[in-house]
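Here is a short report on charged pairs and a nonpolar patch. Look at the structure first, then read on.

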Amino acid sequence: MARDQLDYLLEASVEPWLTLRVISFASEDFIEVTQTVMYASGTVPQLDTVHIDTPFGGRLLDASADLDRYRTLLDFARKASLTPEESRSFIHHIAREL
C-alpha cells in the first residue's frame with residue numbers, strides 16, 4: 001500500500017498544476033505544520049483561498065491577514081524543502097527500498 005501511494009505521488013508530480021516538495025522530518029527550519037493546508041492561488045491574489053482541515057471539518061479562509069500568514073508559511077516551507085526534482089528522486093529512492 002505504501003509503495004502504491006508513493007507511485008501515485010510520482011505520477012501526479014508531473015502534472016503542470018501540481019508542485020510536489022518533500023520536507024525532511026529532520027528539518028529544524030520548518031516545524032509549523034500541524035494540519036493539512038491547501039493554498040489555491042491565481043493571477044488575482046485577492047481571490048486566493050486557503051483550505052485547512054480541522055477536527056471540526058474543512059475551513060476556507062480568504063481574509064487578507066490569513067492569506068498573508070499562509071503565504072509566509074508556504075515561503076518557509078519552500079525554503080526548508082527539497083526542489084521538485086530532488087523530491088521526486090527522494091520518493092523514488094524510498095519506493096525502491098520498500
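Isoleucine 94 sits in helix α3, which spans residues 84-97. This is a predicted model. Isoleucine 94 is partly exposed, and its relative accessible area is 32%. Together with Phe90 and Leu98, Ile94 makes a nonpolar surface patch. The patch covers about 270 Å².

Now to the charged side chains. How many salt bridges does the structure hold? The count is 6.

| Salt bridge | N to O distance |
|---|---|
| Arginine 71 and aspartate 48 | 3.4 Å |
| Arginine 69 and aspartate 66 | 3.8 Å |
| Aspartate 68 and arginine 71 | 3.0 Å |

Take the pair of arginine 71 and aspartate 48, whose side chains meet in a salt bridge. Which parts of the chain does this pair tie together? Arginine 71 lies in helix α2, residues 64-80. Aspartate 48 lies in the loop between β1 (37-40) and β2 (49-54). The pair therefore ties together parts that are 23 residues apart in sequence.

Are these two partners buried or exposed? Aspartate 48 counts as buried, at 4% relative accessibility. The cut-off for buried is under 20%. Arginine 71 is partly exposed, with a relative accessible area of 29%.

Arginine 71 has another partner, aspartate 68. In this salt bridge the closest N and O atoms are 3.0 Å apart. Both residues belong to helix α2. They are 3 residues apart, so about one helical turn separates them. Aspartate 68 is partly exposed, at 41% relative accessible area. Which residues do shared partners join into one network? The members are Asp48, Asp68 and Arg71.

Helix α2 also holds the pair of arginine 69 and aspartate 66. Their salt bridge has its closest N and O atoms 3.8 Å apart. The cut-off for a salt bridge is within 4 Å, so this pair qualifies. Arginine 69 and aspartate 66 are 3 residues apart, which means a separation of about one helical turn. Arginine 69 counts as partly exposed, at 48% relative accessibility.

Definitions and conventions. Residues are numbered from 1 along each chain as its sequence is written. This is a predicted model: local features need pLDDT of at least 70, side-chain atom pairs count only at pLDDT 80 or more; totals for chains, interfaces and linings use all residues. Side-chain values use heavy atoms; hydrogens and water are left out. Helices (H or I, at least four residues) and strands (E, at least two) are DSSP runs, numbered from the N terminus. Buried means under 20% relative accessible area, exposed over 50%, partly exposed in between (1.4 Å probe, protein chains only). Patches are made of residues with over 30% relative accessible area and no salt bridge: like charges are joined within 9 Å, nonpolar side chains (Val, Leu, Ile, Met, Phe, Trp, Tyr) within 5 Å. Accessible areas come from the Shrake-Rupley method with a 1.4 Å probe; for residues, only the protein chains shown count as cover.
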